[in-house]
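Here is a brief report on one protein model. Start with the view below, then read on.

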Amino acid sequence: MEDVTTLIQSFRPVNGYDPPQAMKLYEHWAETYEQDCTMMNYRAPQLAADFLSEHFSGNPEEALVLDVACGSGWVAKEMAELGFKNFEGVDGSQGMLDLAAKTDLYKDLRLALLGPEPLPAQPGVFDVVIIVGALYAGFVPVSVVRELCNAAKPGGFIVMMRANHRGEPNAKYTEDLKRELQLMEEEGLWTPVGTKQVDRYMEFPHLDTKGAEDPQDLLIGGTVYLYKKSMQ
Ligand SMILES: C[S@@+](CC[C@H](N)C(=O)[O-])C[C@H]1O[C@@H](n2cnc3c(N)ncnc32)[C@H](O)[C@@H]1O
């Protein structure tokens, strides 16, 4: 666990991440990502999949799912438990995509640095577009949210789950994200289905021993947003 902290710190530039820097982190982290996140009680993939499942009325076996910033394939593994079978994935880290390939759940995996590069997905065909753990400053920019909606088919679901990290630059990112979500609703691109706040998105038990400045730093909450693409 100590190693994760060191790793993250060594790849965190003074002014925060930018997408290429974030990719360097994941290239180095890929091999132990799931193991480390399990130790941090990272529950986002399961929480996002469960929230979608509560609202999904179709046959999950027939649904085509686009897993954006799919990482090691954790989200697909959780969704497979709920009956979903058809996955395509996109990520900016080849190391993470190699792990996703090993799950044998994805029929297509594409490498793309989102933001600088467009989302490599056919527009208007996915029953579900999901992104978990990547909508942060220096990771996947807010502008990509429109591309997620564009990839969904009319009536399709868009699921976005992220941690409620405190402080800047995440506060600014959250503000920009909320504005974009609202704007897209006003433009008639989608309608909100629901939003859920969770207390335990992940935990940082290792900070205990190092002495966290604020006890709240030990527990990170999260938000999952669910939208339905308009039928236009
Ligand atoms: C915290 S991991 C989440 C992975 C997976 N969704 C999960 O929940 O386990 C963040 C992922 O986002 C990817 N990522 C971050 N910024 C990206 C970008 N701009 N373009 C593509 N992938 C990005 C990283 O490579 C990494 O795999």
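## The cavity

The largest cavity is lined by 25 residues, and Ala69, Gly71, Asp91, Gly133 and Ala134 lie nearest its centre. A cavity here is a set of points, on a 1 Å grid over the protein atoms alone, where a 1.4 Å probe fits but cannot get out; lining residues have an atom within 4 Å of a point. Its volume is about 330 Å³, the space filled by probe spheres set on the points, which are joined across faces, edges and corners.

Helix 2 (19–29) gives the largest share of the lining, three residues. Helices and strands are DSSP runs numbered from the N terminus (helices H or I, at least four residues; strands E, at least two).

## Basis of the model

This is a predicted model: local features need pLDDT of at least 70, side-chain atom pairs count only at pLDDT 80 or more, and totals for chains, interfaces and linings use all residues. Residues are numbered from 1 along each chain as its sequence is written, and side-chain values use heavy atoms, with hydrogens and water left out.

## Helix 8

Helix 8 (residues 170–186) has 17 residues. Asn170, Tyr173, Thr174, Leu177, Glu180, Leu181 and Met184 are buried in helix 8. Buried means under 20% relative accessible area, exposed over 50%, partly exposed in between (1.4 Å probe, protein chains only). Seen down the axis, the buried residues of helix 8 fall within an arc of 130°, so they line one face. The arc is that of the directions from the helix axis to the C-beta atoms.

Gly188 follows helix 8, with a positive phi near 80°.

Notes: The expected span of a helix is 1.5 Å times one less than its number of residues. On a 1 Å grid over the protein atoms alone, a cavity is a set of points where a 1.4 Å probe fits but cannot get out, and a pocket is an open set with protein on both sides within 12 Å along at least five of seven lines; lining residues have an atom within 4 Å of a point.
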